[in-house]
Amino acid sequence: MREEQTRIFKGLWSAMFTPVDASGVPAINELEKLVALLMAQEQDGLYILGSTGQGVLFTEAQRKLVTEKVTELVAGRLPVMVQVGALTTAESVRLAKHARDCGANAISSVGPIYFSGNTTSALFHYSEIAGATELPFFPYQLGNNTMGDIPQFIDRLLEIPNVAGMKLTTGQLMEISAIHLHAGNRLKLFSGADELMCHASLCGTVGAIGSFYNLWGVACKRVLESFRNGDYELAKNFMLEFQRTILYVLPNIWSFFRKAMQLKYDIEIGATKAPLGVQQRIWSDGEVMEISDRIESLAGLMPVFKNQDPVSLNGMGN
């Protein structure tokens, strides 16, 4: 694959929310606002319809609609990678071809879902999707699922045409290192674990794709770039608080995101599609704003909320 095709794949990318209305259908007006926000923040790219974007929970027609709208709005001004993985390989191939026709810059796919299979079925699935278009292809690995022996898996993966890199959502940094050490520059690796965006760069990643970058994209991009330029103290202080925050909000993460996006950007992402996220607690405005204040202040930013002034509460404590 030519270098000019893959040089755009680096930096901080939002794993973009797909806003939905009360019936669970993509809310196009809110989607437009979110795309405009992320573009204004000068993110390095958008990863759409992944886990955060609830891609596999939408119908094929709904996924195509979201892809059409995002690529239309972006209009080539920053890269768009479309997660096309579906329950069947055939649907994934159709979505890959559609993404190409819409002008996407790359496609990505989770491995086989539900009938998860093994390394052979995963590689077949990836091969069929990657071969459906000429677009750069990025398998989306959740942990070590279906990889097995890493060097052997990577060797077989590299035989597939158009494979350009991987999105690796894992807390095991040695897995990232093992892939990078074996593949070298043949694969552009993205960390999918927000809480390890800086750590993973020491293991060979070229960038990070994550959920929290929808909310704190400017702060996270500033920290990641500063870390790569040698500012260890900033990264350490930020990442420890970032990790503490993620641990704290994780049990009620979607309701946190929903409230935070409403308050900070006046964007309504809606509820998760059932059965995800049911019975999550409702966050107070003050606690959400206090948490956001902490994160952004550690990145050297002045917090700004659209709807009201921040309220100081105890929140997570010290």
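**Salt bridges and helix packing in a predicted model**

Good morning. I begin with lysine 69, which is located in helix H3. Helices here are DSSP runs of H or I with at least four residues, numbered from the N terminus. The structure is a predicted model, in which local features need pLDDT of at least 70 and side-chain atom pairs count only at pLDDT 80 or more, while totals for chains, interfaces and linings use all residues. Residues are numbered from 1 along each chain as its sequence is written, and side-chain values use heavy atoms, with hydrogens and water left out.

Is lysine 69 buried or exposed? With a relative accessible area of 17%, lysine 69 is buried; that word means under 20%, exposed means over 50%, and partly exposed lies in between, using a 1.4 Å probe and protein chains only. Leaving aside neighbours within four places in sequence, lysine 69 is in contact with Ile28, Leu31 and Glu32, where contact means heavy atoms within 4.5 Å.

One of these residues brings me to the salt bridges. Side chains of opposite charge can pair when their charged atoms come close. The criterion is a side-chain nitrogen of Lys or Arg within 4 Å of a carboxyl oxygen of Asp or Glu. Across the whole structure, the search finds 15 salt bridges.

Glutamate 32 forms a salt bridge with lysine 69, and the closest N and O atoms are 3.6 Å apart. Because glutamate 32 lies in helix H2 (residues 28–40) and lysine 69 in helix H3, the pair ties together parts that are 37 residues apart in sequence. Glutamate 32 is partly exposed, at 29% relative accessible area.

Lysine 236 and glutamate 233 form a salt bridge between their side chains, at 3.6 Å from N to O. Both residues lie in helix H10 (residues 232–249), three residues apart, which is about one turn of the helix. Lysine 236 is partly exposed at 33% relative accessibility, and glutamate 233 is partly exposed at 43%.

Helix H12 (residues 285–298) holds arginine 294 and glutamate 290, which are four residues apart and therefore separated by about one helical turn. Their side chains meet in a salt bridge, at 3.6 Å from N to O, and both residues are buried. They also belong to a network of salt bridges that links Glu241, Arg244, Glu290 and Arg294.

I now return to H3 and its packing. Helix H3 (residues 60–74) and helix H4 (residues 89–102) pack at an angle of about 20°, and their axes are 10 Å apart. Axes are lines fitted to C-alpha atoms, for helices over the stretch in contact, and angles run from 0 to 180 degrees between N-to-C directions. The contact involves Glu60, Arg63, Lys64, Thr67, Glu68 and Thr71 of H3, together with Glu91, Arg94, Leu95, His98, Ala99 and Cys102 of H4.

How do helices H9 and H11 cross, and at roughly what angle? The axes of helix H9 (residues 213–228) and helix H11 (residues 253–265) come within 11 Å and cross at roughly 60°, so H9 is oblique to H11. On the H9 side, Asn214, Leu215 and Trp216 meet Phe256, Ala260, Met261, Lys264 and Tyr265 of H11. Thank you.

Key. Helices (H or I, at least four residues) and strands (E, at least two) are DSSP runs, numbered from the N terminus. Angles under 35 degrees count as roughly parallel, over 145 as roughly antiparallel, 65 to 115 as roughly perpendicular and the rest as oblique.
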